Amino acid sequence: VVTLGALAAQLGLEAPSGAGEVALRGLASLASATPGTLAFMTGGAYLDQLRETRASCVILQARWADASPVPVLVCDDPYLMYARASRLFPAAPAPAPGIHERACVDPSAILGRDVHIGAGAVVEAGARLGDGVVVGSSVSIGADAEVGARTRLYPGVVLYHGVRLGRDCIVHGNTVIGADGFGYARGPDGWEKIHQFGSVSIGDGVEIGASVTIDRGALEDTLIADGVIIDDQVHVGHNCSIGPRTALAGCPGVAGSTTIGADCTLAGMVGVSGHLEICDNAHFTGQARIGRSILEPGSYSSGTALDKTVRWRRNAVRFRQLDTLEQRVRALEAALHEQEPNPPEQADG
Amino acid sequence: VVTLGALAAQLGLEAPSGAGEVALRGLASLASATPGTLAFMTGGAYLDQLRETRASCVILQARWADASPVPVLVCDDPYLMYARASRLFPAAPAPAPGIHERACVDPSAILGRDVHIGAGAVVEAGARLGDGVVVGSSVSIGADAEVGARTRLYPGVVLYHGVRLGRDCIVHGNTVIGADGFGYARGPDGWEKIHQFGSVSIGDGVEIGASVTIDRGALEDTLIADGVIIDDQVHVGHNCSIGPRTALAGCPGVAGSTTIGADCTLAGMVGVSGHLEICDNAHFTGQARIGRSILEPGSYSSGTALDKTVRWRRNAVRFRQLDTLEQRVRALEAALHEQEPNPPEQADG
Amino acid sequence: VVTLGALAAQLGLEAPSGAGEVALRGLASLASATPGTLAFMTGGAYLDQLRETRASCVILQARWADASPVPVLVCDDPYLMYARASRLFPAAPAPAPGIHERACVDPSAILGRDVHIGAGAVVEAGARLGDGVVVGSSVSIGADAEVGARTRLYPGVVLYHGVRLGRDCIVHGNTVIGADGFGYARGPDGWEKIHQFGSVSIGDGVEIGASVTIDRGALEDTLIADGVIIDDQVHVGHNCSIGPRTALAGCPGVAGSTTIGADCTLAGMVGVSGHLEICDNAHFTGQARIGRSILEPGSYSSGTALDKTVRWRRNAVRFRQLDTLEQRVRALEAALHEQEPNPPEQADG
């Protein structure tokens, strides 16, 4: 429980009068808030909800303050303040430091202070864990891997040998970092494996979702820069480089040796071909198919809009005739142009 | 081994004469059936296979009964009866009740009768497991999580703290339920994490495939209703709600805060944007890109049909000129209309 | 460390003079190579890099040999020779044979010589592991599963009961093989599960990436032939059959009962519908949507090319009018044809 006064102080916002006596036990949306919770308003669309809210306090912009039936915290960016407020309430349980008797830590591993290692976790030879690292149950940390201070690995995460993770990272359940990149040469009898000598190097403050796969490089490292956020089920191929603060929503796949710049966003299920360059500040809508390098910032899309299947089927057939259709239109234009004294463009005038 | 007589009784179907003496050891397709197996026929396309089958008995509709060279079980819906018959034969081994000596169960966890907990499984403080629950090896069950009676968790499943699973559910290997939703606010120095206070609440009789991810809600719970079936590699974002009996085939991704109604079907690799409403009885074909709310039941699609790459490339170029092409057609229509005494529509008559 | 002479002998290539004294500690790209490394050149585009390389030796085709400032190994296929050279240097650490005291191996399991079983791994009753098998930490091997000689299972892999894996396979972290196929019949109250009696049968020399799912068959086995390579996050549905040496890059999903021939390639995120036949030597570009059987070898694609979102939106709207647009063009052709003494096709000449 936090008082509204303490919370306002933490956020650097002006506290309403009597805030020292208002106890907050958590956050809530405007509509579902009850007394004892802090709500937030991110835009005018929620004005009706604001007028009815039962929250003990609402974070909002100055222009909506008068409409609130309850005390307010005024700021420019309520969504950001909501994010910061969220850190003041307990969410995931924080395990106490200590090594579970059912964990297996190689004697040559080097552990910082206040490390937690859960039951069934395995830390192999030469691994290094910084201060305050939390290793969940059944996690596997390979030989010579490095995990920076305060980084948390949830149950079932697998770090292969030599993988390096920075400080203050979060890796969710069953994610695999450092598996072999998909590298083969075609020989006379089939595929011949190319051993993968690189590793994966991940910066500070990176959050990685559940069931993600990030493969190790063939010769050099796969790179994930500081502040990158990656949702569940994402795949990053070997030798990729992902720039600072780039965000990958659920399910994208990035093929090998592609470089993505800083501050990009990939929406759900985006597919990126290999050996491309994506510049900073490029944004891609859901299921976009990135088959070429992108050199200009902006928003990109591909695919077709959803339609009733019966209609879609007719249009999808026509897609296969598009080039022919264009030629038919060109023939019509030529025929019409021949008939007329003036070309159609001038005939408009 | 089951007798055909016992099986017919279980299914509520009329047994052929002598069925008490026919021993069945399993199910088979018409074409591969051998004596001692039960086959089924789901449509007239299999009539030739029926005539040649070596099964001991065939489940079929009355109209095909005369064509069968072997005894039959007649019913209206042979595929449904095949499903029910399948439960009378042993498939996956059923582990005996008991807690493996290599499992770690917190003393404050509450276990029902006849629970099985496999080697390396971890059950944290305050978790509650109903009667007959089966927990596979290396499963992690977080603090205060609840698992309903007879639910089975296959090896490597991770349930985060506070997740609730109903009765008679099945969760396949390495699925992760309750990881943090993908919630961040953009701050001056990058993404700032929004702590996720909701959980995941899953109804009764839900089956979830392998390597699935279902994220916990930001403020309220992510909801999966009774009787939902989810195939492998599916991702469900935070704050989604999936209605009763909706089916998600392999690999779809559903972004956060989307509500999907009852009795929907999402085929493989469907992508659903966030904050949408999908009504009951909406169906989506493979790789459909759901970017808007769907208010009318029916079947929906997007994408283009497959083509030879050389032809596809020409048509894909034309797709980028589609709007221009339409304008060219409009100009032609205008030009032709000008020349003619009557507009083209009337000229047809 | 390997001498260049020994490496040349292993590859069957002619050693440069003095090769016995050149010690190689690893492989590198032309651009990043340092003395003590072996580089390779796969095409003329790298000629400038070749001229500047600091490698101790370069593998290349005869025509580029004169341009190299350092000793060379001449061959027809440098990329293949690079793959073979890669096996002569240590990549992933090879665990020593032995059963970890924290592993749980059922007494009825049958183990070959020199098997390694890591901490927390579970081998259930009746499983058979060939000589030299490596089982990573927290792996689960179900009852009666079979793993061929020298096959390596990385941490967290789950093999369900009865799954069969051939010799010399590699399975990366957290992959699940043999979970129930997605089989249900629609009953009056919802989906009724069809128990899955088949298994998964995987040939020799197969490599499977991380977080892959391959489901067990309903009545017969799901089949993966010799020499198949599968990247991370791939899903293979029940009763599929994948032919020899076929390659699946990251993230494709193959729905149930589809047969894919030999020597096919599926690029990233390809989706394949169920119950299809794909012939040998069929190739599919990224995100292709395979909704029909493919009977002719060649390269296939679907989808649209990427575009700026503002332009894409206009074209995507037009896609929904494509069939109408074609009818408008047809009407124009008919109208123009009526006006003219000759049909447009002849008017061109």
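**How chain A meets its two partner chains**

Let me begin with one spot: strand β39 of chain A pairs in the antiparallel sense with strand β38 of chain B, residues 298-301, over 2 bridges. Within that pairing, the bridge partner of A:K308 in β38(B) is B:Y300. Please keep in mind throughout that what we are looking at is a predicted model.

From that spot we can follow a sheet into chain B. It is an open sheet of 12 strands with mixed pairing, and its order runs β39(A)-β38(B)-β36(B)-β33(B)-β30(B)-β27(B)-β24(B)-β19(B)-β16(B)-β13(B)-β10(B)-β7(B). At its edges stand β39 of chain A and β7 of chain B, residues 98-99, each of which pairs on one side only. As an example from inside chain B, strand β10, residues 116-117, and strand β13, residues 134-135, run parallel and are joined by 2 bridges, and there B:I117 stands opposite B:V135 in β13(B).

Let me now step back to the whole interface of chain A and chain B. How many residues of chain A are in contact with chain B? The count is 77 residues of chain A, in contact with 84 residues of chain B. The area buried between these two chains is about 6500 Å², and carbon and sulfur atoms give 57% of that area. In chain A, the residues that lose the most area to chain B are A:L306, A:F319 and A:R320, which together account for 11% of what that side buries.

Turning to the polar side of this interface, between chain A and chain B the count is 11 salt bridges, and there are 38 residue pairs in polar contact, both residues being at pLDDT 80 or more. One of the salt bridges joins the side chains of B:R318 and A:D323, at 2.7 Å from N to O. As for the elements involved, the side of chain A that touches chain B takes at least two residues from each of α3 (78-86), β27 (229-230), β30 (247-248), β39 (307-308), α4 (309-319) and α5 (322-339) of chain A. The largest share of that side, 10 residues, comes from α5(A). Sorted by class, the side of chain A that touches chain B has 35 nonpolar, 23 polar and 19 charged residues.

Now for the other neighbour, chain C. Here 84 residues of chain A are in contact with 77 residues of chain C, and the area buried between the two chains is about 6500 Å², with 57% of it given by carbon and sulfur atoms. Which residues of chain A lose the most area to chain C? They are A:F182, A:R289 and A:R318, together 11% of what that side buries.

Across the interface of chain A and chain C there are 11 salt bridges, one of them formed by C:E333 with A:R328, whose closest N and O atoms are 2.8 Å apart. The count of residue pairs in polar contact between chain A and chain C is 38, both residues at pLDDT 80 or more. On the side of chain A that touches chain C, the elements giving two or more residues are β21 (184-187), β22 (190-193), β37 (289-290), β38 (298-301), α4 and α5 of chain A. Of these, α5(A) gives the most, with 9 residues. The residues of this side divide into 39 nonpolar, 26 polar and 19 charged.

Finally, how are the chains related to one another? In general, two copies of a chain are related by a rotation about an axis and a shift along it. Chain A is superposed on chain B by a rotation of 120° with 0.0 Å of shift along its axis, at an RMSD of 0.0 Å, and that is the relation of a three-fold axis. For chain A and chain C, the superposition likewise takes a rotation of 120° with 0.0 Å of shift along its axis, and the RMSD is 0.0 Å.

Technical notes
Residues numbered from 1 in each chain as written. Chains lettered and ligands numbered in written order. Predicted model: local features only at pLDDT ≥ 70, side-chain atom pairs only at ≥ 80, totals over all residues. Heavy atoms only, no water. Contact = heavy atoms within 4.5 Å. Buried area = accessible area lost by both parts, 1.4 Å probe. Salt bridge = Lys/Arg side-chain N within 4 Å of Asp/Glu carboxyl O. Polar contact = N/O pair within 3.5 Å; in protein donor to acceptor, adjacent residues only side chain to side chain. Helix = DSSP H or I, 4+ residues; strand = E, 2+ residues; numbered from the N terminus. Nonpolar A, V, L, I, M, F, W, Y, C, P; charged D, E, K, R; others polar. Pairing = 2+ DSSP bridges. Least-squares fit on C-alpha atoms with pLDDT ≥ 70 in both.
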